[in-house]
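Work through the exercises below with the model open. Try each task before reading its solution.

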Amino acid sequence: FCPFLELTGRPCPGCGGLRAINNLTRGDFVAAVSSNAMAVALVAVLAITWVMWVARRVKGAGGPMIVLSSKGGFAVLAAFVIFGIVRNLPAGSWLMP
């Protein structure tokens, strides 16, 4: 169980994430987005990043997969916080798992 959900009665940004991944592995995209849209977006970004990294490695270019600046890290953190807030507002209730 999610500790945040147990303490507050509200879903955190990660609630429904495992269900979303499970739905993606079964090919049920609509159910996955319904479970956790942020998790689906994260999987898409990770898949695209991995494909770009493999393409660079095949061409012989080395280096890390992604170099995330501190501004980029704060932007990702802000996106998770905003998603967590919006999914708990009445207007964002469609984002709840």
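The model is predicted: local features need pLDDT of at least 70, side-chain atom pairs count only at pLDDT 80 or more, and totals for chains, interfaces and linings use all residues. Residues are numbered from 1 along each chain as its sequence is written, and side-chain values use heavy atoms, without hydrogens and water.

**Exercise 1.** Describe the fold and extent of the protein chain.

Solution. Start with the elements: five helices and zero strands (DSSP runs, H or I of at least four residues, E of at least two, numbered from the N terminus). The pattern along the sequence is α-α-α-α-α. The radius of gyration is 16 Å, well over the 13 Å that the globule rule gives for 97 residues, so the chain is more spread out than a compact globule. That radius is taken over C-alpha atoms, and the rule is 2.2 Å times the number of residues to the power 0.38. Along its principal axes the C-alpha trace spans about 50 × 35 × 25 Å.

**Exercise 2.** Which helix gives the largest share of the lining of the largest pocket?

Solution. Eleven residues line this pocket; Leu 42, Val 45, Leu 46, Leu 68 and Val 76 lie nearest its centre. Helix 4 (37-59) and helix 5 each give two or more residues. Helix 4 has the largest share, six residues.

A pocket is an open set of points on a 1 Å grid over the protein atoms alone where a 1.4 Å probe fits, with protein on both sides within 12 Å along at least five of seven lines; lining residues have an atom within 4 Å of a point.
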